[in-house]
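Hi,

Here is the structure I promised to send over. Please have it open while you read the notes below.

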Amino acid sequence: MAQQALLKGQSETSLARPRIGFLGVGWIGRHRMQAILGTGAVDVAAIADASPEMASEATKLAPDARLVSTLDEILDLGVDGVVIATPSAMHAEQSIRALERGVAVFCQKPLGRTVAEVQAVVDAARNADRLLCVDLSYRFTDGMRRIREIIDSGELGHIYAVDLVFHNAYGPDKPWFYDPALSGGGCVMDLGVHLVDLALWGLNNPGIGSVTGKLFAGGAPLKDIASQVEDYAVATAELETGAVVQLACSWRLQAGCDAVISATFYGTQGGVSLRNVNGSFYDFTAERYRGTSREALTSPPDEWGGRAAADWASRLAAGERFDSAAEQLVDVARVLDRIYGR
């Protein structure tokens, strides 16, 4: 009987699901909560948001979660992981605080406003041996997954050029985005982070050579990154492989549609491209190029928005600890710093 009780206890322990806290449950936070709950791998134990209305909306998804006010209150409940969707200035400090308490972290981008902040978070995750992931969600589109497979196969030959674009016809609606002390930057920090990540991740994280950038605000060159944020940017990065990466991103561009988003990789034996469809923020097609011909690789629909969060939750439930791939977050931040001339 004692042995049976012991086995039963071990079985119950092995089946126990990680308990997750959510810090910040605006639209993005709630969307990620829905995706994480969809895995069936974790339980939502706590919710904290400065807005009672947002917190109330989140409890409709997780009615058994405890409503609290701060990150520390979430951590005091002994959670296994925390999802952070707060303003950018808070990301690094909140992530480090959670990691130092032995709690895994899934954070909205950017993880930090500078490479120093990002490195500090990654170091904290390594020291705590806890899973750290960031919501770099475009990696999880069907199109980018297929593109990376083709690049990895070597079928495109030597990749020597990457062109990346993210033009958003709208601008952020929260004032803190326009304060560089709080946001860390404008459209490069908001949108360019995705582009840099797609280039480096798609090419299996090659070394970075020189980086140059040109920033604009209101149609004129940006004069002071300490008091202004850019709403248009172009940048060029040379990689140690010899490839050159060019990117352009913007807010409120007169582009004739809601958004222009693309990531195109050119090799000596062909090319591949991810592009949004009809100005959509959500619908993408991926194509392969051979000379003047093209082949469709993927097409909508594709419910990709919450996959990064769901992946983190599933990995956490599987017992995964620190993943050295988090170092790639530092490489992305380093490129952004150089675009800003930091």
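**Salt bridges: what turned up**

Arg-97 is partly exposed, at 26% relative accessibility. (Buried means under 20% relative accessible area, exposed over 50%, partly exposed in between, with a 1.4 Å probe and protein chains only.)

Before the rest, some ground rules. This is a predicted model, where local features need pLDDT of at least 70, side-chain atom pairs count only at pLDDT 80 or more, and totals for chains, interfaces and linings use all residues. Residues are numbered from 1 along each chain as its sequence is written, and side-chain values use heavy atoms, with hydrogens and water left out.

Arg-97 has a salt-bridge partner, Asp-72. (A salt bridge is a side-chain nitrogen of Lys or Arg within 4 Å of a carboxyl oxygen of Asp or Glu.) Their closest N and O atoms are 3.2 Å apart. Asp-72 sits in helix α4 (residues 71-76) and Arg-97 in helix α5 (residues 88-100), so the pair ties together parts 25 residues apart in sequence. (Helices are DSSP runs of H or I, at least four residues, numbered from the N terminus.) Asp-72 is also partly exposed, at 33%.

Next, helix α6 (residues 115-128). Arg-126 and Asp-123 both lie in it, 3 residues apart, about one turn of the helix. Their side chains form a salt bridge at 3.0 Å, N to O. Arg-126 is partly exposed at 34%, and Asp-123 at 27%.

Two more items. Arg-113 bridges to Glu-117 at 2.6 Å, N to O; Arg-113 is partly exposed at 22%. Asp-311, Arg-315, Glu-320 and Asp-323 are linked in a salt-bridge network.

Across the whole structure, the search finds 24 salt bridges.

Best wishes

Methods
Helices (H or I, at least four residues) and strands (E, at least two) are DSSP runs, numbered from the N terminus.
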